[in-house]
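Here are some exercises to work through with the model open beside you. Try each task yourself before reading its solution.

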Amino acid sequence: MGMLKKLNQKKRPDVQQIAELMKNVIDLTAMGLLQPGEETPDFYIYPELFAGKDQKFKSNFCQNVFRVWCLTSGKTPEETRSMTVAVFHKENGDLLGTYTEKDGFVG
């Protein structure tokens, strides 16, 4: 398969998907289940949100929170591409894991 065809097959999220993603993160924040960072993409959650979830779920969750932070931080994709996101326990501050675009969630 040609390179151009592969690039064309990659789906980009549409405006509705981005709005939904942002709403979900905002709702979790409003409920007090998520506390995103302001200056850094690090965030705090209750570990129960990850209980029984597989690695793919955890990576997607972190990716969504990170994307919303990127959109609201004013950072360019070049500035955020190599960032590592630390995920902390909301009550005691323990490190639950880290997220990078390359490796997903590790913890």
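Helices here are DSSP runs of H or I with at least four residues, numbered from the N terminus. Please keep in mind that this is a predicted model.

**Exercise 1. Find the partner of D27 in a salt bridge, and say where the two residues lie.**

Step 1. A salt bridge needs a side-chain nitrogen of Lys or Arg within 4 Å of a carboxyl oxygen of Asp or Glu. The closest N and O atoms of D27 and K23 are 2.6 Å apart, and the two form a salt bridge.

Step 2. Now place the pair: both residues belong to helix α2 (residues 15-30). They are 4 residues apart, about one turn of the helix.

Step 3. Check the surroundings. D27 is partly exposed at 29% relative accessibility, and K23 is partly exposed at 48%.

Step 4. Counting over the structure gives 1 salt bridge.

**Exercise 2. Trace how β4 pairs with β3 and with β5.**

Step 1. Start with strand β3 (residues 85-89) and strand β4 (residues 95-100): they run antiparallel and are joined by 4 bridges. Within this pairing, V87 has G97 as its bridge partner.

Step 2. Look at the connection. β3 and β4 make a hairpin with 5 residues between them, and G93 in the turn has a positive phi of about 80 degrees.

Step 3. Move on to strand β5 (residues 104-106), which runs antiparallel to β4 and is joined to it by 3 bridges. Here Y99 is partnered with F105, and a hairpin of 3 residues makes the link from β4 to β5.

**Exercise 3. Describe the setting of T80.**

Step 1. T80 sits in helix α4 (residues 77-80) and is buried, at 5% relative accessible area.

Step 2. List its contacts, setting aside neighbours within four places in sequence: F66, W69, C70 and K75.

Step 3. Take W69 from that list. T80 and W69 are 11 residues apart in sequence, with their C-alpha atoms 9.9 Å apart.

**Exercise 4. Which residues touch the most other members of the largest nonpolar core, and which element gives the largest share?**

Step 1. The core has 18 residues, and L34, F43, I45, F61 and C62 touch the most other members.

Step 2. Two or more residues come from each of α2, β2 (43-45), α3 (55-73) and β3. The largest share, 7 residues, is from α3.

Step 3. Beyond four places in sequence, the contacts of L34 include V25, L28, F43, I45 and V65.

**Exercise 5. Classify the ring pair of F50 and F61.**

Step 1. The structure holds 8 aromatic pairs. In this one the ring centres are 5.5 Å apart and the planes are at 90 degrees, so the pair is edge-to-face.

Step 2. The pair links distant parts of the chain, as F50 is in the loop between β2 and α3 while F61 is in helix α3, 11 residues apart.

Step 3. Both partners are buried: F50 has 7% relative accessible area and F61 has 13%.

Step 4. Widen the view: ring pairs link F43, F50, F57, F61 and F105 into a cluster.

Technical notes: Residues numbered from 1 in each chain as written. Predicted model: local features only at pLDDT ≥ 70, side-chain atom pairs only at ≥ 80, totals over all residues. Heavy atoms only, no water. Buried < 20%, exposed > 50% of the residue type's maximum accessible area, 1.4 Å probe, protein only. Pairing = 2+ DSSP bridges. Contact = heavy atoms within 4.5 Å. Core = buried A, V, L, I, M, F, W, Y, C linked by side-chain atoms within 4.5 Å. Phe/Tyr/Trp six-rings, centres within 6.5 Å; stacked < 30°, edge-to-face > 60°.
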